[in-house]
Structures are given as structure tokens and as C-alpha cells.
Amino acid sequence: MAIIQMFVIALFFSANDNNVEWNGVSHVAWQDRRPLCPVNGESFNVLFQAYRFDITAARVRFDDGSVTWANAYYDHDRGPYAVWRAELPSTASSSLSYYIELTDGSDTDYYSATGMSDGPPTDGGFIVDFNTLSHAPLGASEGTSGTVFKVWAPTPVSAFVRGDFNGWGTGNQMTRDGDYFVTYIANASARQMYKYYFLPGSSWKPDARARALNPSNNYNCYIEDPFGYAWGDAGYDTPAFEDMVIYELHVGTFSGRNDPVGSGAFPGTYVDVAAHVDHFVELGINAVELMPITEFPGDQSAGYNPITQWAPEWIYGTPDDLKYMVDVLHQNGIAVLLDQVWAHFSSTDNYLWYYDGAQIYFDYPDAVETPWGSQANYDEPEVQSYYLDSAMYWLEEYHIDGFRMDATDFINMYQGSGWGLMQELNDRVDNRWTDKIVIAEQLPDDAWVTRPTSAGGAGFDSQWHDNFVDRLREELLDAALGDPEMWKISDIINGDGVYLQNTKVVHYLELHDECWPSSGGQRLVRTIDTTSPYDDQYAKGRTKLAQGVVMCAPGIPAVIQGTEWLEDTNFGTGSSDRIDWAQKDMYPGIFEYYKDVIGVRRTNAALKASSAHQVFHLNESGNVLGFQRYDGGGNVLVIVANFSNTDYFNYHIGFPQPGTWYELVNSQASGYEGNGFVNCGSLDTSPTAKDGFGQSAWITVPQMGLLIFRHNNPPDDFLDGDGDGIVDVCDNCPDEYNPGQENSDTDEFGDACDNCPDTDNADQSDDDNDGVGDACDDCPGTDPGTTVGANGCAIGDLNCDGAVNGFDIDHFIQALDDWDGYVADHDGDPYPPCDPWLADTNEDGNVNGFDIDAFVTLLGA
């Protein structure tokens, strides 16, 4: 498909410059008439599009025996395009033809059935024949006073439409027109059911292009009004590929479990997804990718067993429900992508099999078989149109923003025509929807898939980056053994060549296959921590680290539903496979991390998918990697990733620019449920050369840590988690009550977020000699024995006798074993009346096993 520069060119070079931009002009006759199929000489509208601001005037020439010109007018914008409309009057003639004239200043060009031309076309134009209805789209097209039905069926002798409107009788025989049957039924209207009936054979068949099916009633079809839904997304633009952050979602299992806003229905519905729009906005993602939602057998499926490419899954809601979901997300700036399955049909309920009595949709006598079902005959032009037209239909009628194409390697594997089918898809989208993205699930990676069609490639905008996810998971799990190969992480950040980097790739740590036992996978937190509730420091630390790499590396990032709160339920399609919304409250720090790292990703031009990068620090023995991201506007970020299980408190690393560097995100900040080893907000470089740069700094790099630093630009307000007006490391501290700590930020908690940097506390010793007594004093690494708390006892003095010695051991064990009881009753038997937080011997804001070594050190002192 067209690279992103085509979109930029469309925006910046389409102007009133005496030159009609041909590649922006489009009129798809079967989609762009209103009504879709005019009948009985009625008036109708012709719609067409050109790039915004490109043309100064347009008109439509139509000929019904005499020539008339209808002036066109601007109707609305759609992405980078302006949609124009002309109204053609009614006629007594049995047929007419038309073509479009477009003017940009002194340049006038024409668009007709065979495309663009400099002069008036000679191809006869677009034909509307009221006698034969040959201009009718395939399927059921509801109009102003009835419905036109058209079906591809070259084999039968006769065909009928039978439905609610005629008592399911044979009163509406269809007329053959070449390989098609067509008829108009005046009283057939929206939401009435119908089917085709073929003779000989007395065969009942659903419409191959039905807009809706009723599986509970023998797959009867519904007539749908394609334009009856009142959209509210005017002014919405699809996010640029550079800016996309994709959230993979399965409609059936996304909602309903401990869900505060969903209906509770199982499977979940399109309306349930819409009800969670505030969650998407809060998280910061701007593209939702729906796992396949075209009709499938049964009510519980991942969607990779389609029986149609046209009708949305009925158990999730009506077509208008799906449009409502898209509309709500669009109104909140969120794109909707569809996962499409063109490589095969379901092995059951495949009603296209011997559709009209002959095997017209599949190879005969032996259909192509994939591991999942039969593959359609791509060599047949009508089969190609079945797929290609469906893509145009989703983009037009449902305002979809693009596709993820499943198993593209299998589309090309069995039939040479599969490659041409993918090329044609991408060329059509480029011509009419250049702002929409088409992503290939190409496994293994293949640079030809994302190479332009003009260079022989398949033309996809992007592809799943198989090498990236495999290497990232491999080294993340090797980190548990202490031996990750950091050069492999460096390699995947650098990409695999011009067509396998930047916007040409989608990066992820785990999506449905990796989390799906049916595909041999499981949630990564379960792999790292094999004991319920799968939330130890390693499950948290390593997943945050790796997902941070996904967000910060060049490429388009993607996550699966539940990632944002450490979801441990494996992907599946049953009721028990629904993600658990209670975990959003259970792991608020994890959600805060993903919200912040996505926010940093989306608000920094240096982190766009194609912004420049450089891996400049590779410590293979220490398992630490550093790279910078930067753009042409002077925005520079440094990302440090520590795959080791070691906390480095004085780590020397180069920085690409001198000056102040602000720590925007540290995945191990206490507020992100980490170990609390951070860099206190900002640091200044020293003129000591390191890593090829003339300046460097000594920083804290926590185990399993992902750190993001920004040059000379303090953190954004959205990172001010405690609302004190100061964006600093204190914004990621636990709200745990500490009676010995002044509540300086008036949040009802005396905790580590009080008396932070830049907030003076006269009662706090200035151990770090920065002129301010604050929470950065008495941090790990300072002299033990500093007095804390209202009683003046030393850290570790848990029996309040003025010394840290063996008499404190039992009380320290009690604090670890029964922390809630220790806090609640620290002035009664068996707990001494000391400040409970004296047990926090490593001063990280938590009392846990990480305090043991520090306590032993205090005993020794």
C-alpha cells in the first residue's frame, strides 16, 4: 500500500494549483449512488471524492436521450478527501449514462467508467438501466420504496426471493441477466428476512452478500438500510500510522466480569465495548482492533472460522449496534480496525459450498484446503470481487479505519492469484482510503509483503513483526536465568530493513495467539510466575519492562485486552475467559504505568513510529541497553532497559546532549508497584565522555527497569499523579498511611509522597546535603540509624529500646508475617508501641522480604 508520505503529499500538495490530482479522485458506482440502486427512472444522487482543497468546481454530465449537466457541490470531508454530490433528476427514459467533470482553476479533467482522462471520455460512461437493473449492487439494496435483490448464480435455471414480504412464497421470480439474477420488490423493507431459492434442486441459500444473518433461524438474511444509522463522527480523522497505539479486543470476552459499566451479557456486545470508551480514553490508546466479527458458527468463537465476509456476528448485536460502537469510539478519537480472515472459510456451516448447485466459490473438483478450512477460488473474478467489495463496504458503511489481514502467508501459499488479490486490495484502499491502514499477519516476516505494489510487493502498510516478538520474549524469559543476549534486543530495535521497520511493522509482546492455550500459549505473567495470583515482582517487573520496550522502540505498538492491569486470565472464548475488570482496582499502579508510558509515547514526537533512533549503550555482561529516540525538532529521549535482576545504584551511561535530563517514567517507581529505586526527578550530565558522547551521568537503574529520560524538558502535567503542582518522582509513591509522616500534600495520607523534593520539612535531616530536608533524605544508601517517626526511634529499632540489636528480630518477623495486624495494633500486645514503618529497613515505602538484607546490615552495624 501507499507509504505514509502519500498521505502527507495529499494534504500538502492538493491545492487550487490548476492541476486536478488524479490519484485522489474516486467514484465507485455500486457504492456512490443514493439510493444505491435507482429504479423506475427516479432521481438519484451521485457522490464522488477528490483531495481536500484540490478542485474548484465539478459537475456531472448525464444523458437520457438528451444531455444535461448537473452542478456538483461540496458535501463533507472524509479524512484527506472532500466528498462532492450532484443530484440527477428523474427521467422517463429506460436508461441513462453519466460521467464526472472536475475542474481545478484552468485544468479540467474527467472521470468515467474506465477512470480519469484529460478530455471527455469515450467509454460510454456509467450506465443506469432501469429495465434490466444491471447497475444494481450484489446483495439486497434497500431504496426509497422497496429493495433490489441481485445474486451471482450462473448455474440455476430460475431463482426466487422468498421472505417475510411475500409469505415466503414464490411470487417474486428473479430475472436472469447474464450470470446474475435480479429483481425489485416494492414492499420489501429493512429488517425483514429473506432467502434465495434456486431451481432445479429446490435449494434454499442465504445471500452471499447479506448485510445481516439470523443463525437462530436457518441463516435467514435481513434486509438492512445501509445508510439508516445517523452518524455523529463528523470531523473525525483516522490517527496517522505514526501515532497509532493499538489495543486488541475480543468483543465476546472483553466485558462482563466484575465489570462496572458493561451489561453483564455473555458473550459481550458491541454496545458493551462502546460503554468502555472512557477506559480507552483514560488508558490513552487510539486504535481498537476487533478480533474477527464476521458471522461464525455458534455464539462463542475467536472469529477465525468465518462463514461470510459481509455480515457482522449477530450475537454481539445488530449492524446498527456495531455502527454505534464505531461512532462512539470515533467521537473520542479512537480508530476501529477489523481483523479479516480471507485465507479460509469455516469448516462447518459454509453455505457458499456448492452455492447455486455448482461449486462456484471454490475450486472444482478439489477445493484448496488449509489447516482451518477450505480456501475460496481466487482465480474466479466474482470471488475476487466478493472479497474486494467487502473491504470497501466495511470502510464505507461502517466507517472502519483499516484491517488486520489474518494469515497472509496462506493467502499466497496455495494459489498464485492470492498475491494479486492482496495487491488489488491494497491498491484500492490506496486510491480511495489512503488514510486507512491495512496490516498483514505475515508469519514469518517477509519484506515483500510491505513493499509497494509498484515494486512488485503486496503493498501492505504494515505487518506483524514476528522477529521482534520472538526475540523480545526469548530474551525476557532468558533473563530469569540471568543470561539474556542484549545484542538481540538491539537488533530488533534497529529493525530488519527498510520494509521491516518503523510504520512497516507492528510490535507487541503478546497478543491473542501468545495468550491462547489453543495456540500453545498462555499469559506471560503465568509463564514468569507459575503460582496464582501470578503477580510476583518478576511478573510485574518483566512485563512492564518488555511492554515499555514495545512502546519506545520504532514501529507501531500493540497490546491485548487486560495487559493494562496485569491480567492473568488466558485468552479464550468462554465465560470464564473474560478479562477481570476487578484487577484494574487490584493493581492500580500497573494501570498507572501503562497509562503514563502510553501518554509519553503519544505526546513526544521523538517516539513516533518512524522517528530516528540510535542504540548507543550495550552492556552484555550487565544486561543493560540504552538507546535514544529523536526527531528533527530537537526533541530527544533516552530509554534505558535493564534486563538483569540487579539494582544498579551508580550506573555510568552516556547521554547524547549535555544539560538536564528529566526522568519521565521509571517502571520500578513505587507507584508503579516497583521497588522504588528511581532518580529523584532529574539529573545533570557531567563532561565525562561515555558511549561515544562527550557527556554522561551516574544514574540508578533498577532491576527489570524501563527508564525514559527527556532532554531539557520537564515532565508533562499528566504525570503529576499527586496533584501537588510538581511533577517529580513523588508522583509515583504508595498512599500507605505513616503516622510519623506529615501530611503536607493534604491527601489524607502521611506517606512517601509528602515532603518530596522542593518541599521543605524542617524536622527532616538533610542527609543528601541539597539544602532541603525532604523525602529524598534517609533513602537507601545513606547512613543507617537516622531517626524517623514521632518517637525518635531508629530504623530497625522495633522494640523502642534505643538500639538495633537481636531483641528486634522477633518484632521484625512479626511485621513481615502480619503487617496488617502490626499496623493496626502496634501499641498493644504483642506489638511494641513503635512506628510500624521502622520495619521498612530499605526505605522503599513497603515492608516485605526486600527489607531482610537491610535489617541484617543494621544488626551488624
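This is a dialogue on reading some features of a predicted model.

Trainee: What should I know about the model before I start?

Mentor: The model is predicted, so local features need pLDDT of at least 70 and side-chain atom pairs count only at pLDDT 80 or more, while totals for chains, interfaces and linings use all residues. Residues are numbered from 1 along each chain as its sequence is written, and side-chain values use heavy atoms, with hydrogens and water left out.

Trainee: How many helices and strands does the protein have?

Mentor: The secondary structure comes to 17 helices and 37 strands. Helices (H or I, at least four residues) and strands (E, at least two) are DSSP runs, numbered from the N terminus. Of the 861 residues, 60% count as buried. Buried means under 20% relative accessible area, exposed means over 50%, and partly exposed is in between (1.4 Å probe, protein chains only). Among contacts with a separation of 6 or more, 67% come from residues 24 or more positions apart; contact means heavy atoms within 4.5 Å.

Trainee: How do I read a pair of packed helices?

Mentor: Two packed helices are described by the angle between their axes and the distance between the axes. Axes are lines fitted to C-alpha atoms, for helices over the stretch in contact, and angles run from 0 to 180 degrees between N-to-C directions. Helix 6 (residues 381-397) and helix 8 (residues 417-432) pack at about 30°, with their axes 10 Å apart. That makes helix 6 roughly parallel to helix 8. Angles under 35 degrees count as roughly parallel, over 145 as roughly antiparallel, 65 to 115 as roughly perpendicular and the rest as oblique.

Trainee: What is the handedness of the crossing of helix 6 and helix 8?

Mentor: The crossing of helix 6 and helix 8 is right-handed. A crossing is left-handed if the near helix is turned anticlockwise from the far one by less than a right angle, and right-handed if clockwise.

Trainee: Which residues of helix 6 and helix 8 meet?

Mentor: Gln384, Tyr387, Leu388, Asp389, Ala391, Met392, Leu395 and Glu396 in helix 6 touch Leu421, Glu424, Leu425, Arg428, Val429 and Arg432 in helix 8. By class, this contact has eight nonpolar, one polar and five charged residues. Ala, Val, Leu, Ile, Met, Phe, Trp, Tyr, Cys and Pro count as nonpolar, Asp, Glu, Lys and Arg as charged, and the others, Gly among them, as polar.

Trainee: At what angle do helix 9 and helix 10 cross?

Mentor: Helix 9 (residues 466-478) and helix 10 (residues 486-494) cross at roughly 155°, and their axes come within 9 Å. The two are therefore roughly antiparallel to each other. Their crossing is left-handed. In helix 9, Asn467, Phe468, Arg471, Leu472, Glu474 and Glu475 meet Lys488, Ile489 and Ile492 in helix 10. Those residues divide into four nonpolar, one polar and four charged.

Trainee: How do I read a sheet?

Mentor: Strands of a sheet pair through backbone hydrogen bonds, either parallel or antiparallel. Here, four strands form an open sheet in the order 1-2-6-5, with antiparallel pairing. Strand 1 (33-34) and strand 5 (73-78) stand at the edges, each with a single partner strand, so one side of each is left without a neighbour in the sheet. Helix 8 packs on the sheet and touches strand 2, strand 5 and strand 6 (81-88); its direction makes about 80° with that of strand 6.

Trainee: Over how many bridges does strand 2 pair with strand 6?

Mentor: Strand 2 and strand 6 pair over eight bridges, and strand 1 and strand 2 (residues 44-51) over two. Two strands pair if DSSP finds at least two bridges between them. Val46 in strand 2 stands opposite Arg33 and also opposite Ala86 in strand 6. Eight of the eight residues of strand 2 are buried, so strand 2 is largely enclosed by the rest of the structure.

Trainee: Is Phe53 buried or exposed?

Mentor: Phe53 counts as exposed, at 60% relative accessibility. Its phi is positive, near 65°, and Phe53 lies in the loop between strand 2 and strand 3 (57-63).
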